[in-house]
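Q: I'd like to learn how to read a structure feature by feature. Can we walk through one together?

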Amino acid sequence: RVCRSYRQQLAVGAEVLLKGTEKIEGENIDEIGIDKSLTMFAQSRILLLWERKDMDSFAKLLNGMSHALAAGVGDALSHLDLSGSPLDLNTSKILANTLTGCKNLSHLRLKRDPAEDTGEEEEVQKQGLDLIDSLAGCTNLQLLDLSGHCLEDLGIERLAGIMPTLTKLTHLDVSCNAIERHGASSLARTLVHCTSLVQLHLESNDVFKQGAGAFLPMLQTCTALTHFCVSWNELDFKGIVQLSPALGGCKSLKYLDLAKNNIDPSSADVLARGLGSCASLTFLDLRFNTLLELGMGS
């Protein structure tokens with residue numbers, strides 16, 4: 001239920017304004033101000049602040065949220081979306097402190113757009129590491145989006161270390177994080193235990209640079225997986241030979257994104273044979289590969 005506009009809220013009275021709000025969005029904060037928003041936060045379940053560009057007001061809001069949670073107020077929060085919002089070393093630390101108090105958080109979106117980031121990669125990575133460390137207590141997380149944080153293998157290995165506490169996780173997005181061999185192996189090993197995983201997004205990394213073997217056990221145990229998105233990952237013939245049988249065993253798989261890899265006609269033939277038993281598959285993306293008639297004929 002979306003938060004009503006400011007005028008409508010005034011019409012129904014302050015009591016409803018403070019007790020009936022389940023969702024606060026960025027435009028509502030612009031209308032009613034930060035102080036009032038923090039008062040509403042105490043009763044809110046969903047907070048959507050994507051693409052907040054004012055660093056000062058964003059920091060003030062996060063600070064207020066952190067203090068409220070420390071005082072035991074606002075712990076009903078279950079959905080937090082800060083995609084595209086400004087993060088620097090200061091606000092990321094404040095956010096990390098805030099997240100430690102979000103015990104009931106189930107959906108967390110912290111997507112960053114690398115094209116719009118003005119900070120150095122090392123600084124962006126440090127912010128991501130701070131955020132990962134704060135997630136260990138968020139044991140109710142079902143959706144986690146950490147795309148675009150320049151985590152690299154170091155950050156992904158740190159994330160893999162806390163994954164055993166995230167037993168309810170169904171959606172994970174770590175695309176655009178420069179993940180290579182070691183990070184991919186660490187993540188794949190820990191995902192074996194995430195048997196409720198439904199969607200896995202690894203786009204724009206290098207997770208298959210040394211082959212795809214690390215992901216075979218995960219694909220065999222995550223039987224609920226419906227979306228496997230690995231475009232832009234240097235997946236080649238060797239990786240396809242390794243992956244195809246495991247993908248064929250994913251009985252719940254509906255959406256497979258293999259766009260912009262190194263899939264040639266020979267790879268396509270192997271893939272077609274492997275996916276022959278995927279009765280539930282409804283979407284297969286092979287765009288921007290080097291497919292010719294021979295591969296497509298399969």
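Q: Let's start with Tyr 255: what is its relative accessible area, and is it buried, partly exposed or exposed?
A: Keep in mind that this is a predicted model. Buried means under 20% relative accessible area and exposed means over 50%. Tyr 255 comes out at 26%, so it's partly exposed.

Q: And how does Phe 283 count, buried, partly exposed or exposed?
A: Phe 283 has 34% relative accessibility, so it counts as partly exposed.

Q: How do I read aromatic pairs, and how many does a search of the whole structure find?
A: The general idea is that you describe a pair of aromatic rings by the distance of the centres and the angle of the planes. Here the search turns up two pairs. In one, the ring centres of Phe 208 and Phe 215 are 5.7 Å apart with the planes at 70°, so that pair is edge-to-face. Both Phe 208 and Phe 215 are buried. In the other, Tyr 255 and Phe 283 have ring centres 4.4 Å apart and planes at 10°, so they're stacked.

Q: Which parts does the pair of Tyr 255 and Phe 283 tie together?
A: Tyr 255 sits in strand β9 (residues 255–257) and Phe 283 in strand β10 (residues 283–285), so the pair links parts that are 28 residues apart in sequence.

Q: What sits over the ring of Trp 232?
A: That's the charged end of Lys 260, 5.2 Å from the ring centre.

Q: Where is Asn 177, and is it buried or exposed?
A: Asn 177 is in the loop between β6 (171–173) and α9 (181–191). Its relative accessibility is 0%, so it counts as buried.

Q: Which backbone oxygens does the side chain of Asn 177 reach?
A: One belongs to Leu 146, 3.0 Å from a polar atom of the Asn 177 side chain. The side chain of Asn 177 also reaches the backbone oxygen of Val 174, at 3.1 Å. Leaving out residues up to four places away in sequence, Asn 177 touches several others, among them His 149, Cys 150, Ser 204 and Asn 205.

Methods. Residues are numbered from 1 along each chain as its sequence is written. This is a predicted model: local features need pLDDT of at least 70, side-chain atom pairs count only at pLDDT 80 or more; totals for chains, interfaces and linings use all residues. Side-chain values use heavy atoms; hydrogens and water are left out. Helices (H or I, at least four residues) and strands (E, at least two) are DSSP runs, numbered from the N terminus. Buried means under 20% relative accessible area, exposed over 50%, partly exposed in between (1.4 Å probe, protein chains only). A polar contact is a pair of N or O atoms within 3.5 Å; within protein, one must be able to donate a hydrogen and the other to accept it, and residues adjacent in sequence count only if both atoms are side-chain atoms. Contact means heavy atoms within 4.5 Å. Rings of Phe, Tyr and Trp (its six-membered ring) pair if their centres lie within 6.5 Å; planes under 30 degrees apart count as stacked, over 60 as edge-to-face and the rest as tilted. A charge sits over a ring if NZ of Lys or CZ of Arg is within 6 Å of the ring centre and within 35 degrees of the ring normal.
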